[in-house]
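Here are some notes to read alongside the model, written as numbered points.

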Amino acid sequence: MTASTTSLFHPVQMGRASEDVALQIESAILSEALKPGDKLPSERELQQQFGTGRGVVREAIQSLKQKGLIEIRKGQKGGAVVRQVDVHNISESLALFLKQSHVKADKVAEFRETVDHSLVLLAISRGTKEQKQQLNDKVAELAALAKDDEPDLARLGELDRALNLLIATMSGNPIFEWVMHAIQQGFSSHDYALYQATDYRRLTVENWQQTVNHIIAAEPFKAQATISHHYRLLQQCIDAQVSSEL
């Protein structure tokens, strides 16, 4: 328990007690009165501060754990500890939500194309020389691997994902990066389909090379045009797969 936690909380009223407890602790975390690594008071101390029972406190702690705001550590020095919320936590939760929502592939593609149009503009204007070199290196590796008679499809998928995430990072906007991480976790399999068929694999790699060249050469309209072409290829590939399954 930190010295300041004794004055952070006040008794709750019956009815929505566990929600009130959780909101007070969450507010203390978000205001940085409680910081990552800080240990919450014991259950007994929280009961006394909030004027409520053990069940209410445990329900509130579980709610905060599910949100990723705290973690429960075991052992003599264990207990509820404030977590550092990072991009992985946020993206993972959003990815799970997207999967459970059963969003159709064409809706995802439409959203991604719109986002990617903005991302390439920001990548062109904000990306560093080193980041653009990384982009060029990764697309060169992608092209070299795709030439194999039986390429490593898992590695191709990883490189495709890495290129998308790098462009998001180059935007200099963490929100784009979080959303791209979530989309890649939730729907990257749609892009992987492009690498399974030889013809689409060749066209996809050529499209990536053109997009990267346009970003490096600071040609925004051409970069946006190749982005749109990528999603036309993706839709054609998905349609072809659906037709073959009928």
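1. The largest cavity has a volume of about 120 Å³. A cavity here is a set of points on a 1 Å grid over the protein atoms alone where a 1.4 Å probe fits but cannot get out, and a volume is the space filled by probe spheres set on the points, which are joined across faces, edges and corners. Two cavities of 30 Å³ or more turn up in a search of the whole structure. Please keep in mind that this is a predicted model, in which local features need pLDDT of at least 70 and side-chain atom pairs count only at pLDDT 80 or more, while totals for chains, interfaces and linings use all residues. Residues are numbered from 1 along each chain as its sequence is written, and side-chain values use heavy atoms, with hydrogens and water left out.

2. What surrounds the largest cavity? Its lining has 14 residues, and Asp-116, Asn-164, Ile-167, Trp-208 and Ile-227 lie nearest the centre; a lining residue has an atom within 4 Å of a point. Two or more residues each come from helix 5 (105–126), helix 7 (153–170), helix 8 (174–196), helix 9 and helix 10 (220–245). Helix 5 gives the largest share, four residues. Helices (H or I, at least four residues) and strands (E, at least two) are DSSP runs, numbered from the N terminus. By class, the lining of this cavity has six nonpolar, four polar and four charged residues, where Ala, Val, Leu, Ile, Met, Phe, Trp, Tyr, Cys and Pro count as nonpolar, Asp, Glu, Lys and Arg as charged, and the others, Gly among them, as polar.

3. The axes of helix 6 (residues 129–146) and helix 9 (residues 198–216) come within 10 Å and cross at roughly 165 degrees; axes are lines fitted to C-alpha atoms, for helices over the stretch in contact, and angles run from 0 to 180 degrees between N-to-C directions. The two helices are therefore roughly antiparallel, a label for angles over 145 degrees. On the helix 6 side, the residues in contact include Leu-135, Val-139 and Leu-142, and those of helix 9 include Val-205, Trp-208 and Val-212. This contact divides into ten nonpolar, two polar and two charged residues.

4. Now for the open spaces. Ser-42, Glu-43, Ile-61, Gly-79 and Ala-80 lie nearest its centre, among 14 lining residues. Helix 2 (43–50), helix 3 (54–66) and strand 2 (79–82) each supply at least two residues of that lining.

5. The second largest pocket has a volume of about 170 Å³. Its lining includes Ile-29, Leu-30, Pro-36, Leu-69 and Arg-83, and by class it has six nonpolar, one polar and three charged residues.

Key:
Parallel < 35°, antiparallel > 145°, perpendicular 65-115°, else oblique. Contact = heavy atoms within 4.5 Å. 1 Å grid on protein atoms, 1.4 Å probe; cavity = no way out; pocket = protein on both sides within 12 Å on 5 of 7 lines; lining within 4 Å.
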